[in-house]
Amino acid sequence: MAISYILLFILSFISISRFLVISKAGAESELVADLLTLQSQSESGVIHLNDRTVSKFITSTKTPRPYSLLIFFDAIPLHDKSDLRLPVLVHDFALVASSFIANHNGSNTKLFFCDLEFRESQSSFKLFDVNSLPNIYLVGPDAESLKDDTDQMEQSGFTRLTESLVEFIESRTQLTVGPIHHSPIISKKQMVLIIGFLLIWSPFAARKIFAGETMFHNPRIWLSGAIFVYFFSVSGAMHIIIRKMPMFLMDREDPNKLIFFYQGTGVQLGLEGFMVGFLYTIVGLLLAVVTHVLVYVKDLKTKRIGMLFSVFVSFWAVKQVIFLDNWKTRYAIHGFWPSRWN
Amino acid sequence: MSNSSTSDLLKPFKLKTKQQELLIRVSILCLVYILAFITRLFSVLRYESMIHEFDPYFNYRTTLYLTQHGFYDFWNWFDYESWYPLGRIVGGTLYPGLMVTAALIYRLLHFLRFAVHIREVCVLTAPFFASNTTLVAYFFGKEIWDSGAGLVAAILIAVCPGYISRSVAGSYDNEGVAIFALLFTFYLFVKAVNKGSLAWGLASAFGYFYMVSAWGGYVFIINLIPLYVLVLLITGRYSMRLYVAYNCMYILGMLLAMQIRFVGFQHVQSGEHMAAMGVFFLMQVFYFLDWVKHMLSDTKLFQEFLSITVTCAVAAGGIALGVGMASGYISPWTGRFYSLLDPTYAKDHIPIIASVSEHQPTAWSSFMFDFHILLFLFPAGLYFCFKRLSDATIFIVMYGLTSMYFAGVMVRLILVATPAVCLISAIAVSATVKNLTVLLRSKNKVAQIGSTKGTSSAKASSKASLDQSQPFQKNGAMALLFGAFYLLSRYATHCTWVTSEAYSSPSIVLAARGAHGNRVIFDDYREAYFWLRQNTPPDAKVMSWWDYGYQITAMGNRTVIVDNNTWNNTHIATVGRAMSSYEDEAYEIIRSLDVDYVLVVFGGVTGYSSDDINKFLWMVRIGGGVFPVIKEPDYLVNGEYRVDKGAAPKMLNCLMYKLSYYRFGEMMTEYGKPPGYDRARGVEIGNKDIKLEHLEEAFTTSNWIVRIYKVKPPNNRW
């Protein structure tokens, strides 16, 4: 009899503990399902968390959790601070998130991308001990304390967020992200529209071209375009665009002073480039003015003054550029004359 | 008496004005030809006849192979001395034009019984082709403007630093012959367009073939020429001459280019070549329309026909392109090409391209450094070209502007822009000087007006013939002429200085100024490579960072693990991992790669700053990119890279540190400084007691720049 009691006890214990396991698994799968619905509600697949959901998905669940969370810390009031580049980072983060979801066909339940906003979730920021932005934390399945057990992404990774984020995810979670799907510049609909427009427009254009009455037949337009391309190239505009150079710098010692010229080869500031580009261009432009406009001037005196003026300006421009170049590069260019000539 | 006899003697040599002019022109050209050659010899005179930099050593080695084994062996060469144990298929992964050219020159010289070494041929190939480029520039200038402009263009390009940077003696690289091929192809094509003859078209196709065989930059030609044709079509300059020239050049050029194995079917499949094909079909449509217009007398009927045909053609082209792209038959643009069109692309998407220093965008000072006053003359030349529009001037303007744009995107493309800038500036110089001298030589009676500089002086003078001759006109013209010559002489000075000081260092032999201002030469690299050649078994494998791979195989004649052809990132990362691990971990990797010797470059004694310790963070980064066990922060202290006492412990004990600073702690490098003072970084090193367990020092060069270690065999097992 006693044996049967014991057996019953054991049986009931097993069933109860199984029920406990099932209920725990049920709670976990519920959480995952919640996360999946939240993810599908968001356009980019980034789940927006707040203090309540942080406690629901992270702090009040038992470890190990069946998922990791990658959290981006955002603060909308700081979006207009250009040196933090928060909007760009938000966009990159969303791009990685949507690519990750698309590469796993939405069936991934191991990793979720989330963001937290400072004004709504100040206590969560405190939980993570986040004092500075931008910041990205990975909350692994076993993380108990949000301060100590979480992985923080290094600050150096934020300069090229998409690549370093992919590396970060792959090294810490052993999940593959797959290729990043950059959104095309032109969507398919626009493409169809453009092609249709081109088809309709092409016969008209062809007729005009055959008749020779478009603006492309006017050499002046080509000339001004050519001068523009020249100016654009030699002023280092590409340098400014690619490197995102500022137009000028503030002097650190004297905030009222502005620095327009940067000493050192291979680097330039915006206005500096445009000024020198203008100096480069002006000699040729003056020549055009002298031979094209000045000859029609009737008054001899004006003509002479114009001539002299353009000669001096050209001379000054050449001189100025050479001076600036020597100053910038610190090269002392000299001829190789016999030494007794000096 | 004697006077009259000499004049009698000279009578048969008395030349007419035309002959005199020809004589002067030819002698100027000869002088320019020699000038272009000798201005590139600074490095040979200052050091000696040797190959420069890194990549040229690979070219030199392949040329040597070509001359020793013949063309077919070269074509089928599988190189097992590099990328051990993977090897490299050489014949299919290079542009053979440069090597074949050098080998042909070598054969020719030997046929003429000049017993020169192939190295001398390789060293002098680039200056020789630079000289030839001046000739092409002369003929090109003559074709687009007049012979005066051609002469000036030849002079300008002979000394232009933008071109010299890649063509000094010893820089045996593809660009050396490619710029010649580029300009030659363009010249022949312009000539073909001007003449409309099949023969010139054929010649330009062969020029294009040579260019394709020499340099990957041929893509510029195959896109610029269609663009030019398209512009001519749009501006209503379509002609039979253009049709003949382009079709001949495109069809034959394509067939010839496909013979180069590295290009092959890319020429009809990749997106970069599609513009040429599209314009080819467009030409046929134009020709067809022209023919129909000729047959149909009714203009209204023709216009109806025109609209239908054009719609059909555009639709068919669009569908063909779409289907080709979708089916994968036409491959999309490569990243490098993309980064030229949308320059911000590379920065965001291709870090490898963005990190190379030659691919940086150009600042204004680099333009100034490489072009000097040509930059001022360029807009003036553009203006002259537009004043006298022809098919040829349109071509040079388009070439100049596109290449200028590309030069703004990438520093190294200044090279491609140089011939165009020289030609356009030459037009400005020539036209201006011509006008000024015409003014000077004209009789006072002829009425002129104040425009001393313009081309339109003749036209204007007829218009304003009532104007009295101006009193200071001749003096003004004289002053302006002097001004022009002053500027040009400044240009010559600048070019010579830049060539001598900036572009003529071989970087394999280092020069420094001694304490008394004398020149000190460090020849440690070659010392080390010859030591390898003489003292190691022929099948020894040498591990070093990839920068030195080409040089070790070419000069040391030993197998290397990685080299400058960075095609396998994992392999490079393995070497990076070995260098940044502890010695016993590194030993495992070294054993797995069968390495016998490890070579490091060290500048602590001489103060040479581009040594391996300064490149070490790249090894860590590249190694860590593939093997996450290597982490950059382990080697840094608070984000700072240090080698002194405060350095990170991992840094102080990694293989690279040990190999660089082995026995360095005992050495006095500078008076008044403690032993072990690193002159390249200006600190006393942190680990002076370095013991090596699995490697032993085999050789250290006289200035300690190269250090070679032998890998010990494994211990006996018991």
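Reader: What share of the accessible surface of chain A belongs to carbon and sulfur atoms?
Author: The model is a predicted one. The accessible surface of chain A comes to about 20,700 Å². Of that area, the share belonging to carbon and sulfur atoms is 65%.

Reader: Where in chain A is confidence highest, and where is it lowest?
Author: Chain A averages a pLDDT of 79, and 88% of its residues score at least 70. The lowest mean, 66, falls in helix α1 (residues 2–41) of chain A. The highest, 89, is that of helix α7 (residues 219–234) of chain A.

Reader: How far apart do the C-alpha centres of domain 1 of chain A and domain 2 of chain A lie?
Author: The domain assignment places domain 1 of chain A at 25–173 and domain 2 at 218–341. Chain A has 10 helices and seven strands. Between the C-alpha centres of the two domains of chain A the distance is 50 Å.

Reader: Over residues 541–598 of chain B, how far apart are the end C-alpha atoms?
Author: An unreviewed UniProt entry annotates residues 541–598 of chain B as "domain: STT3/PglB/AglB core". Over these residues chain B is 50% helix and 12% strand. The end C-alpha atoms of this stretch are separated by 9 Å.

Technical notes. Residues numbered from 1 in each chain as written. Chains lettered and ligands numbered in written order. Predicted model: local features only at pLDDT ≥ 70, side-chain atom pairs only at ≥ 80, totals over all residues. Heavy atoms only, no water. UniProt positions renumbered as here; feature names shortened; annotations may be inferred. Helix = DSSP H or I, 4+ residues; strand = E, 2+ residues; numbered from the N terminus. Domains from an automatic or database assignment. Areas by Shrake-Rupley, 256 points an atom, 1.4 Å probe, with all protein chains shown as cover. pLDDT = per-residue confidence, 0-100.
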